[in-house]
Amino acid sequence: MATVRHRPEALELLEAQSKFTKKELQILYRGFKNECPSGVVNEETFKEIYSQFFPQGDSTTYAHFLFNAFDTDHNGAVSFEDFIKGLSILLRGTVQEKLNWAFNLYDINKDGYITKEEMLDIMKAIYDMMGKCTYPVLKEDAPRQHVETFFQKMDKNKDGVVTIDEFIESCQKVDYFLMCLQAELQEGVK
């Protein structure tokens, strides 16, 4: 029985749809094909590859959420095109594009809202991924405390969910604040 192989779209089309050059796409494709000779990554393979980056913890749950964010057509596989489109946003996208991508990652059930339960699932997955050897040793309720802090800052109308607009507005305010602080620090160094 023949193995089904996925071939990527023309590199020119991917170049137009991403923020990578043709040469960069060729290099990325070689690496992708090396890890995934069939041309697509299923979730189990994605988890195995991702776990290599976090050997000190259990990255399977976070990798599951990340896989779903890359698998934009929800067909159970990440093609080279899916991978490039996500990577393009994460590495070279605008702030707006990155925030939309992050919101999609946190909105686990894709209903347009981030709930406390979804955010708690993400936080627990991040803590599991980082492992028990993090310093200082984290308290058991640390993920829940992070979720409460997140919702205090993000849930502007206090309705128990964070919308894309609340998420983007809050993140942009934090980003602006950090830019001002950085400018003040640099000015103080002179």
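A residue is called buried here when its relative accessible area is under 20%, exposed when it is over 50%, and partly exposed in between (1.4 Å probe, protein chains only). By that rule, buried residues account for 35% of the 190 residues in the protein.

The model is predicted: local features need pLDDT of at least 70, side-chain atom pairs count only at pLDDT 80 or more, and totals for chains, interfaces and linings use all residues. Residues are numbered from 1 along each chain as its sequence is written, and side-chain values use heavy atoms, with hydrogens and water left out.

**Overall fold**

Helices (H or I, at least four residues) and strands (E, at least two) are DSSP runs, numbered from the N terminus. The protein has nine helices and four strands. Read from the N terminus, their order is α-α-β-α-α-β-α-α-β-α-α-β-α. The accessible surface, from the Shrake-Rupley method with a 1.4 Å probe, is about 12000 Å², and carbon and sulfur atoms supply 57% of that area. A contact means heavy atoms within 4.5 Å. Of the contacts in the protein between residues at least 6 apart in sequence, 57% join residues at least 24 apart.

**Annotated segments**

An unreviewed UniProt entry carries the annotation "domain: EF-hand" for residues 58-93, 94-129 and 142-177. UniProt positions are given in the numbering used here, feature names are shortened, and annotations may be inferred rather than shown by experiment. In the model, residues 58-93 are 67% helix and 8% strand, with the end C-alpha atoms 29 Å apart. Residues 94-129 are 72% helix and 8% strand, and there the end C-alpha atoms are 27 Å apart.

**Salt bridges**

Side chains of opposite charge can pair when their charged atoms come close. A salt bridge is counted when a side-chain nitrogen of Lys or Arg is within 4 Å of a carboxyl oxygen of Asp or Glu. The count under this rule is six salt bridges. The table gives some of them.

| Pair | N to O distance |
|---|---|
| Lys22 and Glu12 | 2.7 Å |
| Glu44 and Lys47 | 3.8 Å |
| Glu148 and Lys116 | 3.3 Å |

Lys22 and Glu12 form a salt bridge through their side chains. Lys22 belongs to helix α2 (residues 22-35) and Glu12 to helix α1 (residues 11-17), so this pair ties together parts that are ten residues apart in sequence. Lys22 is partly exposed at 33% relative accessible area, and Glu12 is also partly exposed, at 46%.

Glu148 and Lys116 likewise meet in a salt bridge. Glu148 sits in helix α8 (residues 142-154) and Lys116 in helix α7 (residues 116-130), so the pair ties together parts that are 32 residues apart in sequence. Glu148 has a relative accessible area of 33% and is partly exposed; Lys116 is partly exposed at 32%.

The pair Glu44 and Lys47 lies within one helix, α3, where being three residues apart separates the two by about one helical turn. Lys47 is buried, with 17% relative accessible area. A network of salt bridges links Glu43, Glu44 and Lys47.

**Glu43**

Glu43 is part of helix α3 (residues 43-51). Leaving out residues up to four places away in sequence, Glu43 touches His64, Phe67 and Gly76. With His64, the side chain of Glu43 also makes a polar contact of 2.4 Å. A polar contact is a pair of N or O atoms within 3.5 Å; within protein, one must be able to donate a hydrogen and the other to accept it, and residues adjacent in sequence count only if both atoms are side-chain atoms.
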